[in-house]
Amino acid sequence: MADNAFITDVQSRMQKAKEMPEEEKLYRYNGVLYPRLMCPEENLKALKNIRAREDDIILVAYPKCGFNWMVGVIRKITAEATGMKVESKMPPLIEFFGPEVVKALDERPSPRFLGTHMHPDNIPASFKENKTKMLVIFRNPKDTLVSYYHFTNNNLVLPTVQSWDSFFSNFMSGDVPWGSYFDHALAWEKWMDNPNVMVVTYEELKQNLSEGIRQISIFYGFSLTEAQVQQISEGSTFNAMKESSASSHGAMGSVIFRKGEIGDWKNHFTPEQSREMDDAFNKHLAGTRLGAKLNYQLHCQ
């Protein structure tokens, strides 16, 4: 699908969202909630037909963990390393692809850039079978929840949130689009030793984006000069991405790129909610490698 057709399609879906009853905007597929207008059932069924290639570039993130930020970074890395400039405004989320787009993927030249918010158990099996390299991003769960709350409230294709407290409860029970944060985290914890999987955190990237770009480039087999790394880093700060979001993401730019801060959870969580999240983190991720990588004590207490 060309960019112009994609933008027209998104505008059409937004219009439909205005007319759709709130209770119909989400539906369950295999027990997980998805936005009906962006990920209809036919899209999710078509995913099994994706034939992954070993040289595909795959980006994976639970919603609001920095996916769109890293889309911009990886496109810049690929452009510098291969000389192939990518101007596409289409998000690479495979669950947004309809059956026709999935079919057309076979005609795309390598390296193809694909992404997903899907739980690892629901990602097409051929990604794992063909040893496709997957970059996985996680963010501390408190800031993820805050970002998800604002994103949901400002996105027409998702039902308006009744209140902060109700969204907090839904997030903690996994009753949000794409499912439970902790289910995703525990599933990826099992992949930490896989040489074809690289797990990075939003916080690491915010702290030292240049080093993140170096490591991501090496992981995907790209060779960049130090000057290229610095150039990409300067053009890929969250603020730089936010400033250019109107041209890169159209009307959704201001919805996708909000604050991008670490610690914004302190402006939203009650002490009781903070303790509830601490307990959930300790129950699910304390003592795990992913839990250690998230540096929860530093960012969330």
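Reader: Which residue in S6 is the bridge partner of isoleucine 137?

Author: A note on names first: residues are numbered from 1 along each chain as its sequence is written, while helices (H or I, at least four residues) and strands (E, at least two) are DSSP runs numbered from the N terminus. This is a predicted model, where local features need pLDDT of at least 70, side-chain atom pairs count only at pLDDT 80 or more, and totals for chains, interfaces and linings use all residues; side-chain values use heavy atoms, with hydrogens and water left out. S5 and S6 run parallel, joined by 5 bridges. Within S6, isoleucine 137 has as its bridge partner valine 200.

Reader: What is the order of the strands in the open sheet of 4 strands?

Author: Two strands pair if DSSP finds at least two bridges between them. S3 (residues 57-61) pairs with S4 in the parallel sense over 4 bridges, and S4 (113-116) and S6 are the edge strands, each pairing on one side only. With parallel pairing, the order of the open sheet is S4-S3-S5-S6.

Reader: At about what angle to S3 does H3 run?

Author: Axes are lines fitted to C-alpha atoms, for helices over the stretch in contact, and angles run from 0 to 180 degrees between N-to-C directions. H3 lies across S3, S4 and S5. Its angle to S3 is about 165 degrees.

Reader: How many of the residues of S6 are buried?

Author: Buried means under 20% relative accessible area, exposed over 50%, and partly exposed in between (1.4 Å probe, protein chains only). Val197, Val199 and Thr201 point one way from S6, Met198 and Val200 point the other way, and all are buried. The number of buried residues in S6 is therefore, by that definition, 5 of 5.

Reader: Which helices and strands do the buried residues of H10 pack against?

Author: H10 covers residues 209-219, and its buried residues include Leu209, Ile213, Ile216 and Phe219. An α-helix has 3.6 residues a turn, so residues three or four places apart point the same way. Contact means heavy atoms within 4.5 Å. The packing partners of the buried residues of H10 are H3 (67-82), S5 (133-138), S6 (197-201), H9 (202-207) and H11 (226-234).

Reader: Is methionine 20 buried or exposed?

Author: Methionine 20 sits in the loop between H1 (3-19) and S1 (26-29). Leaving aside residues up to four places away in sequence, methionine 20 touches Lys25, Arg36 and Leu37. Because its relative accessibility is 17%, methionine 20 counts as buried.

Reader: How many disulfides does the structure hold?

Author: A disulfide is a pair of cysteine sulfur atoms within 2.5 Å. Cysteine 65 is buried at 0% relative accessibility, and cysteine 300 is buried with a relative accessible area of 0%. The number of disulfides in the structure is 0.

Reader: Which element of the protein chain has the lowest mean pLDDT?

Author: The predictor's confidence in each residue, from 0 to 100, is called pLDDT. The protein chain averages 87, and 88% of the residues score at least 70. S5 has the highest mean pLDDT among the elements, at 97. The lowest, with a mean of 45, belongs to helix H13 (residues 245-249).

Reader: What percentage of the residues of the protein chain count as buried?

Author: The protein chain has 17 helices and 6 strands. Of the contacts with a separation of 6 or more, 73% join residues 24 or more positions apart. Of the 301 residues, the buried part is 54%.
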